[in-house]
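Hello,

Here is the structure I promised to send over. Have a look at it first, and then read on for what turned up.

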Amino acid sequence: MVIAISLMACGAGESNVLEGNRTGILHYGNGAEPQGLDPHVVTGVPENHLIRALFEGLAVKNPITLEPEPGVAQRWEFSDEGKVITFFLNPEARWSNGEQLTASDYVWSWNRALHPETGNLYAYMLYPVKNAEAYAKGKIKDFTEVGVKALNDTTLEVTLNAPTPYFIQLMDHYSTFAVHPETLLKFGKMTDRFTPWTRVGSMVSNGAFVLTDWALNRHIKMAKSEHYWDKDKVSLNGVVFYPTENVVSEERMFRVEQLHYTAVVPLDKIPVYRERPNTPYLQSPYLGTYYYLVNTERPPVDNVKVRQALSMAVDREKLVRSVLQETAVPAYSITPPDTLGYFPPQVFSYDPDKARALLAEAGYPNGEGWPGLEIIYNTQEAHRKIAVAIQQMWKSELNVDITLANQEWKVYLNSVSQRDFQVARRGWIGDYVDANNFLDLFITDGGNNNTGYSNPIYDDLILQRAPRAQSREERYALFTEAETMLMEEMPIIPIYTYTSKHLIHPSVEGMYPNLMDSLNLKYVKLHPEQTLSGEMN
């Protein structure tokens with residue numbers, strides 16, 4: 001209903017885009033209504049866009065190269081052996097209330113991020129830090145034993161378990177961001193979740209923008225921060241983020257210039273946009289995998305042969321061709337190919353004959369005695385189309401009946417985190433460019449391991465042996481061994497490797513395509529003279 005009102009409004013006066021170009025306000029389609037804005041609680045992509053506008057890490061990603069560049073930290077130094085990193089904070093880095101951001105703020109915040117009572121599903125992102133994992137799992141109680149120290153207000157010393165090639169990349173992930181201690185404590189204990197500290201008028205942040213309005217299921221508005229250390233480089237005066245789960249409505253909003261940017265593009269519109277001259281459609285390689293999460297403790301998928309049969313009965317080539325309009329790459333592993341030179345093993349393929357044999361060995365010959373299976377997915381038309389196609393494949397090849405259930409984003413996240421499902425749609429977008437970010441999802445009791453899968457050999461490969469490898473070749477060989485094991489035991493069914501797909505208004509400059517679809521709003525500018533020409537039906 002809100003979207004319809006927005007569309008009607010554009011007929012009566014200036015569109016969002018025209019007004020935004022004139023006033024410096026970006027109108028951004030952001031997918032789902034966010035679960036929240038607490039960096040140590042949320043896990044989703046829509047939340048990522050919002051939090052990285054409001055907060056800034058020690059380092060940030062260059063939007064073109066993805067190489068780390070200074071954020072809160074002006075620079076950093078490694079010890080000779082690479083196990084100690086010293087971050088030198090920018091003395092001009094400020095919270096949005098004008099207070100200086102200090103190294104002790106990071107110590108307090110990492111204590112919160114790792115504390116067992118916080119329940120941070122991304123706590124493992126800090127596990128490369130000495131004793132961080134032991135503290136997060138309650139094996140040690142004294143946070144001073146964790147390898148993070150404030151040497152003074154502007155010097156933060158971090159001690160790692162072992163040299164970690166991707167550690168600086170992690171500093172741009174919101175789970176490692178600092179939060180303002182006094183603000184959080186005003187609304188409860190350090191470890192409390194979903195308290196009013198993230199509301200308009202309460203939040204104190206340190207990024208390029210500040211929160212000014214949050215109308216549930218309508219919009220989230222932000223304004224340029226006057227206290228951001230690099231504010232002179234920020235061209236935008238503000239951003240309006242819209243929850244746009246209905247991708248058909250989102251595309252229509254873009255077409256009538258109510259949005260500068262869409263989170264996705266309806267699959268059936270892509271061929272039309274591709275043929276359009278000076279098209280606003282942008283498709284790029286994306287470091288992410290779309291897969292089905294399997295609850296290995298729920299029958300019938302508690303049986304590995306059932307999981308293998310289901311996976312081998314999916315014709316990924318056909319799915320990409322017919323449903324996805326050639327906008328993806330078939331996937332047979334969790335890690336995308338050529339992730340910093342790592343290529344995952346392929347241990348299975350589309351093989352319906354073998355799938356039927358495996359299902360029979362599991363006790364369901366030609367689907368006889370099948371107890372039923374449900375796939376859940378968050379509400380979006382593309383997810384529905386994929387689920388319907390796979391439902392038909394499993395019926396055709398295995399003679400098993402599958403039911404489908406769509407859930408609103410927050411309900412879906414809760415179902416997955418509580419493991420209240422049999423099979424669930426899932427996507428993982430790399431938080432840093434390294435295969436470890438995909439493989440460490442499935443360590444025992446990992447915050448984002450919602451499969452029930454646990455293998456001590458796999459844990460040892462990922463947590464102990466790979467970090468201590470003496471060369472990239474040795475490290476990648478260990479990853480291959482671990483990923484082979486994962487794909488044989490099949491706690492997930494990989495479907496495809498993503499590409500990013502957006503509509504971007506020609507007035508927008510600085511939204512560069514990159515492997516992580518990473519957005520840094522500091523680089524974005526609007527040009528009033530650029531208009532969206534042509535009509536779409």
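E326 sits in the loop between helix 11 (316-322) and strand 12 (329-330); helices (H or I, at least four residues) and strands (E, at least two) are DSSP runs, numbered from the N terminus. Although E326 is not a glycine, its phi is positive, at about 55°. With a relative accessible area of 49%, E326 is partly exposed. Here buried means under 20% relative accessible area, exposed means over 50%, and partly exposed is in between (1.4 Å probe, protein chains only).

Before you go further, please keep in mind that this is a predicted model: local features need pLDDT of at least 70, side-chain atom pairs count only at pLDDT 80 or more, and totals for chains, interfaces and linings use all residues. Residues are numbered from 1 along each chain as its sequence is written, and side-chain values use heavy atoms, with hydrogens and water left out.

P299 and P300 are joined by a cis peptide bond, with omega about 0°. The loop that holds P300 runs between strand 11 and helix 10.

Now to the charges. How many salt bridges does a search of the whole structure find? There are 18, where a salt bridge is a side-chain nitrogen of Lys or Arg within 4 Å of a carboxyl oxygen of Asp or Glu. Here are some of them.

In helix 8 (residues 247-255), E251 and R255 are four residues apart, so about one helical turn separates them. Their side chains form a salt bridge with an N to O distance of 3.0 Å. E251 is buried, at 2% relative accessible area, while R255 is partly exposed at 26%.

R356 and D353 are three residues apart in helix 12 (residues 352-361), which again means a separation of about one helical turn. The side chains of R356 and D353 meet at 2.6 Å, N to O. R356 is partly exposed, with a relative accessible area of 34%, whereas D353 is exposed at 55%. As background, an α-helix has 3.6 residues a turn, so residues three or four places apart point the same way.

D420 and R298 also make a salt bridge, at 3.4 Å from N to O. D420 lies in the loop between helix 14 and strand 15 (423-429), and R298 in the loop between strand 11 and helix 10 (304-312), so this pair ties together parts that are 122 residues apart in sequence. Both partners are partly exposed: D420 has a relative accessible area of 47%, and R298 has 31%.

Finally on this theme, R52, K61 and D172 are linked in a network of salt bridges. R52 is one of the buried residues of helix 3, along with P46, E47, N48, H49, L50, I51, A53 and L54. Helix 3 (residues 45-54) is mostly covered, with nine of its 10 residues buried. What do the buried residues of helix 3 pack against? Their partners are strand 1 (25-29), strand 8 (209-215), strand 9 (219-224), strand 10 (238-242) and helix 14 (409-417), with contact meaning heavy atoms within 4.5 Å.

Two serines may also interest you. S225 is found in the loop between strand 9 and strand 10, and is buried at 4% relative accessibility. Leaving aside neighbours within four places in sequence, S225 is in contact with G207, A208, F209, V210 and K231. S225 and S205 are 20 residues apart in sequence, and their C-alpha atoms are 9.4 Å apart in space.

Is the other serine, S284, buried or exposed? At 9% relative accessibility, S284 counts as buried. S284 belongs to strand 11 (residues 281-294), and its contacts, leaving aside neighbours within four places in sequence, are T499, S500 and P513.

I hope this helps you find your way around. Do write back with any questions.

Best wishes
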